[in-house]
Amino acid sequence: MAHKVMDPDSLNANVKKTVYAVRGELYLRASELQKEGKKIIFTNVGNPHALGQKPLTFPRQVMALCQAPFLMDDPHVGLLFPSDAIARAKKYLAMNTGGVGAYSDSRGVPGVRQEVADFILERDGHPSDPETIFLTDGASKGVQQVLNALIRNEKDGILVPIPQYPLYSATITLLGGTLVPYYLSEEANWGLDVSELRKSIIAARRKGITVRGLVFINPGNPTGQCLSETNLRDLIELCIKERLVLMADEVYQQNIYQDERPFISAKKVLMDMGRPASSALELISFHSVSKGFVGECGQRGGYFEMTNFHPQTVDELYKVASISLSPNVNGQILMGLMVKPPRPGDVSYPLYAAESQAILKSLRARAHIMTDGFNDCQNIVCNFTEGAMYSFPQVKLPKAAISAAQKAGKTPDVFYCLRLLEATGISTVPGSGFGQKDGTFHIRTTILPAEKDMPKIMESFKKFNEDFMHQFADSNTITSRL
Ligand code: DCS
């Protein structure tokens, strides 16, 4: 074929280097098998509605009215929609001249940013300035915007936990920066050890890297751990001392499945520390409508809040956001609805409370079923999913399986996940997509399949794993006998 102007060889090298495992080899194979008629259980992406979770009624009623405002001219509208949904839709339509079909301010509709600021004040007990809040097309876009401003060249390093959600590794590669890994401790329930972090900083500096930022994910993806207040304080102190921007990915803040460590935001811990810390740390906190019990991934709503940044830096980010004109307005409205849900006394409150509590209760049950299910399998150990939406069991692969994988030209965890997919239709992501200590192998699955289907899924997983371990244990013995 004649060379194209945009020949693959001539693309930006960073584009070619970028890897994003959540939609990688396993996902592609699963999509192929699905086309061939195989039933696939997509547990590779934290995409609750795709796995049967119903949208909450109230936010969708408001969204429907925002999309079709003429319905409000119908004298029967009150029979179809509750009065608080109608009032809320009118409020949003008044906030953005032209409604959902018009661009908004590039940082988002001011009225929605105010709702986010009110939510943060109520959550943390400390005020938030709507001028430092950016509404984004999902948290992903926000993370990309911030890293884009932070990374100047390949000498700029960002500390990222390993295992991590590959949005971080992929974006850092794309922007030509350097990922500086710090390892979470699997033996300590995926806990965070600040002395590990210091070692990573020292090692990176020795290589001439300027470490500029630190990312943490709380509750963790894929690891599911919840950070304690002490953990967060240690992180904040470290970032102040080492002059790092702290990026707090808190998109799973409503997904908590234990009572010992409730979610606490980095912003609250920072403000509770008082001066000088509370005005020293440059902190960016991310949130999303994709997770929690709302789970509206497809609507692409997110925000980030910038605390203690130079006002000109905020302006520069605003300028760059304005190149894309406006975050999508539907996602913004959904964010407003998430942070300001119906309150006790509102017409829609009882239904909203019942729907959201039922989802959280079921997620908690599923977290237990999954962890227990994995721990009941041969050669598998799994930390409890304290929060978020994932399980990340370690699979101790027999030597024979590792050599079989090498022969097949696959990394051992990819090999295991492919076999699992072919045998059961369960589509997972290999641990290598998130990073793992050398010589260990993991798989990541969401805890999102319907609760009623869970026991069957775990049963079919267990059977596959038994067969797999049996097959390779046998050939291992045979090899060693030869
Ligand atoms: N941060 C974390 C830790 C995430 O897990 C995700 C999505 C995002 C940010 C981005 O979310 P939105 O852009 O939708 O707001 N998690 C992906 C995952 O691991 N599975 O599905 C999506």
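Predicted model: local features only at pLDDT ≥ 70, side-chain atom pairs only at ≥ 80, totals over all residues.
Reader: Let's start at one spot in the fold: which residue stands opposite Ile 217 in strand 6?
Author: Residues are numbered from 1 along each chain as its sequence is written, and side-chain values use heavy atoms, leaving out hydrogens and water. Strands (E, at least two residues) and helices (H or I, at least four) are DSSP runs numbered from the N terminus. In strand 6, the residue facing Ile 217 is Asp 249.

Reader: How many bridges join strand 5 to strand 6?
Author: Strand 5 covers residues 210–217 and strand 6 covers residues 245–249, and the two run parallel. Two strands pair if DSSP finds at least two bridges between them. Here the number of bridges is five.

Reader: Which helix lies across strand 5 and strand 6?
Author: The angle between this helix and strand 5 is about 165°, taken between N-to-C directions on a scale from 0 to 180 degrees, with axes fitted as lines to C-alpha atoms, for helices over the stretch in contact. The helix spans residues 229–242 and is helix 10.

Reader: In what order do the strands of the open sheet come?
Author: Seven strands take part, and their pairing is mixed. At the edges sit strand 2 (133–136) and strand 4 (178–183), each pairing on one side only. Neighbouring strands are turned by 20° against each other on average, direction ignored. The order is 2-8-7-6-5-3-4.

Reader: How many residues of strand 3 are buried?
Author: Buried means under 20% relative accessible area, exposed over 50% and partly exposed in between, using a 1.4 Å probe and protein chains only. Both faces of strand 3 are covered, with Asp 156, Ile 158, Val 160 and Ile 162 on one side and Gly 157, Leu 159 and Pro 161 on the other. Of the strand's seven residues, 156–162, the number buried is seven.

Reader: Through which helix does the chain cross from strand 3 to strand 4?
Author: Strand 3 and strand 4 run parallel, joined by six bridges, and Val 160 stands opposite Pro 181. The β-α-β crossover between them is right-handed: with the strands pointing away from the viewer, the path from the first strand over the helix to the second runs clockwise. The helix on the way, residues 167–174, is helix 8.

Reader: Turning to the domains, how much area is buried between domain 1 and domain 2?
Author: The bounds, from an automatic or database domain assignment, are 8–52 + 356–471 for domain 1 and 93–339 for domain 2. Carbon and sulfur atoms give 54% of the total, which is about 3100 Å².

Reader: Last one: is Val 347 buried or exposed?
Author: Val 347 lies in the loop between helix 14 and helix 15. Leaving aside neighbours within four places in sequence, Val 347 is in contact with Pro 82, Ser 83 and Asp 84. The C-alpha atoms of Val 347 and Ser 83 are separated by 7.3 Å, although these residues are 264 residues apart along the chain. Because its relative accessibility is 55%, Val 347 counts as exposed.

Definitions and conventions:
Contact = heavy atoms within 4.5 Å. Buried area = accessible area lost by both parts, 1.4 Å probe.
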